[in-house]
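Here are my notes after a first pass, written as separate points. Have the structure open while you read.

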Amino acid sequence: MITRSRSPLKLALAVTASAAALFTAGCAGRSGGPEDTAYVARDVETLYSEAKRRLDAGNAKFAAALFDEVERQHPYSPWARRAQLMSSFSYYVARDYNKAIQSAQRFLSIHPGNKDAPYAYYLIALSYYEQISDVHRDQAITDQARTALNEIIRRFPQTEYASDARLKLDLVNDHLAGKEMEIGRFYERSGKWLAAQIRFQNVVENFQTTSHTPEALYRLTETSLALGIPEEAVKYAAVLGANYPGNEWYEKAYKLVQNHASGVTAS
């Protein structure tokens, strides 16, 4: 899993405090009803307040169902718009990330230019981000998280959401680069030099700011020698030395070139 410096829920709450305050202002908690509250017709304020009370009490899954019920029973009320986002947030808290994404996307489809749109995009990105698995598994979700985070940065560059997205994007890119490195090493161990080289080149070209770049350049030096193109090996070693002169991977690349491509000029 990606290492996170702060609790995802705490970070989400911190970044979205102002948005959450907007949605819940004036909605004081009231005593709850039976567990089938979601299926009982109620006035919109009472239903919304009960959903908020459930969320505050830690019953996020049931709160999400109640917020959905606000929208279903009172679709033309101003409360319905608030309930859509609170439903998404509640599903996120309950770790039902697919439903959190669906609720936020529904909000954006109905209110694309709403002032709370950045918050909806942020919830979508967070929901993908929290599903990122370790590098040994398929990275489709990681790619979706990357796309969603980039969308926030593109659309709302000056917001707190964008600031947090940039931090998370660094971790996501490092994760994706790590997956490419793992596959490249596997191909290298199997003697599939060209396939390995393609993976390492992808890291250098598309994830060059990650921690995996020095090793990728070293591996490109290795694979170039194995493919019989020492000029390319010298080139990659030179790039490694110019950008990471004191790095352990440069020391290994230097020795490799000295032993197998001495006197060769970079292509």
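This is a predicted model: local features need pLDDT of at least 70, side-chain atom pairs count only at pLDDT 80 or more; totals for chains, interfaces and linings use all residues.

**Notes on the side chains and the fold**

1. Start with the rings: Y48, F67 and W79 make up one aromatic cluster. Rings of Phe, Tyr and Trp (its six-membered ring) pair when their centres lie within 6.5 Å; planes under 30 degrees apart are called stacked, over 60 edge-to-face, and the rest tilted.

2. Residues are numbered from 1 along each chain as its sequence is written, and side-chain values use heavy atoms, with hydrogens and water left out.

3. How many aromatic pairs does the structure hold? The count is nine. In one of them, Y92 and Y97 have ring centres 5.8 Å apart and planes at 55°, so this pair is tilted. Y92 is buried at 3% relative accessibility, and Y97 is buried at 14%. (Buried means under 20% relative accessible area, exposed over 50%, partly exposed in between, with a 1.4 Å probe and protein chains only.)

4. Y250 and Y254 form a tilted pair as well, 6.2 Å centre to centre with 50° between the planes. These two tyrosines are four residues apart in helix α13 (residues 248-260), about one helical turn. Y250 is partly exposed at 23%, and Y254 is partly exposed at 44%.

5. On the overall fold, the protein chain has 13 helices and zero strands. Helices (H or I, at least four residues) and strands (E, at least two) are DSSP runs, numbered from the N terminus. Of the 267 residues, 46% are buried.

6. Now the charges: there are 19 salt bridges, each a side-chain nitrogen of Lys or Arg within 4 Å of a carboxyl oxygen of Asp or Glu. E50 and R54 meet in one at 2.8 Å, N to O; both lie in helix α3 (residues 44-56), four residues apart.

7. R155 and E151 form a salt bridge at 2.5 Å, N to O, and both belong to helix α8 (residues 140-155). R155 is partly exposed at 40%.

8. What does the salt bridge between R199 and E180 (2.8 Å, N to O) tie together? R199 lies in helix α10 and E180 in helix α9 (residues 160-189), so the pair links parts that are 19 residues apart in sequence. R199 is partly exposed at 26%, whereas E180 is buried at 12%. Elsewhere, salt bridges with shared partners join R185, E188, E215, R219 and E222 into one network.

9. R95 is exposed, at 67% relative accessible area.
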